Amino acid sequence: KKGLFEEADGGTLFLDEISEMSINLQAKLLRVLETNIFIKPGDSKETQVDLRIIAATNKNIEEEIIKEMFRNDLYYRISTFVLNLPPLRERKEDITILAENFIKLFSKKFNKPIFNINPEFHIKLIMHPFPGNVRELRNVCERAVILSENGNINSKYLPQEFFLSSSNFTNSDNILSLNELEKQHIQKVLSLTENNKNKAADLLGIGLTTLYRKIEQYEIKQI
């Protein structure tokens, strides 16, 4: 039976949560990465592979190395390119776009068309710290679609923790007006679509005329 390394020969192998790997297994992984050779259990001959490794973790690897929970030689071997993805609470401008994407996904999955999303729903999402990051947002959107009635999604479909003051207003500086929130969202969509207003209007779920009006209203600079 082929293992993952053999199956990925000539391609890419994704190792999620690599920091959870035991020290002994890390040593074995390092040896395979250095030599591109391993011996399968019960076999007596070597198997050679050629593949690319992409690894991910939600921990601070440097701290794990200091605590001797992660081998520094393995880290240096896999860290040719390092991409740091900030937590969702540090990129709040992405929350609305991600939420709408998830809602469309689950709307189709459960065959429940969604025609309207109450602005307060988005505001509650943006003010939430999201300790579970994108996975938590995805689950929240799935819950909202399941509970939705008559094609409407309201903040009442959010879990209880979204209504706790300690969760939503930990920093009053982060509280934005609805107009400012809408302005930032439109700017983000225009940037993503490279200023293609037809695509932007489609993503925003508004008419092209409405988009032009809001661009003028909020004095949004053209790209």
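Why does Lys112 count as partly exposed? Lys112 counts as partly exposed because its relative accessibility is 25%, where buried means under 20% relative accessible area, exposed over 50% and partly exposed in between (1.4 Å probe, protein chains only). The structure is a predicted model, in which local features need pLDDT of at least 70 and side-chain atom pairs count only at pLDDT 80 or more, whereas totals for chains, interfaces and linings use all residues. Residues are numbered from 1 along each chain as its sequence is written, and side-chain values use heavy atoms, with hydrogens and water left out.

The mean pLDDT of the protein (the predictor's confidence in each residue, from 0 to 100) is 87, and 93% of the residues reach 70 or more. The protein contains 11 helices and 6 strands; helices (H or I, at least four residues) and strands (E, at least two) are DSSP runs, numbered from the N terminus.

Along the principal axes, the C-alpha atoms fill a box of roughly 70 × 40 × 35 Å. Of the 223 residues, 35% count as buried. Among contacts between residues at least 6 apart in sequence, 67% join residues at least 24 apart.

In soluble globular proteins, nonpolar side chains tend to be buried together.

Beyond its neighbours within four places in sequence, Phe130 is in contact with Leu88, Ile95, Leu125, Glu136, Leu137 and Phe162. In helix α6 (residues 119-127), the buried residues are Phe121, His122, Lys124, Leu125, Ile126 and Met127. At the start of α6, a side-chain oxygen of Asn118 comes to within 2.8 Å of the backbone nitrogen of Glu120.

Lys112 is located in the loop between α5 (95-109) and β5 (116-117). With neighbours within four places in sequence left aside, Lys112 is in contact with Ser107, Val145, Ile146, Leu147 and Ser148. The Lys112 side chain reaches the backbone oxygen of Val145 at 3.1 Å. The C-alpha atoms of Lys112 and Ile146, which are 34 residues apart along the chain, are separated by 8.0 Å.

Positive phi values occur at Asn133, near 55°, and at Glu219, about 50°; neither residue is a glycine. Asn133 is found in helix α7 (residues 133-147) and counts as partly exposed because its relative accessibility is 28%. Glu219 lies in the segment after α11 (208-217) and, at 67% relative accessibility, counts as exposed.

Definitions and conventions:
A polar contact is a pair of N or O atoms within 3.5 Å; within protein, one must be able to donate a hydrogen and the other to accept it, and residues adjacent in sequence count only if both atoms are side-chain atoms. Contact means heavy atoms within 4.5 Å.
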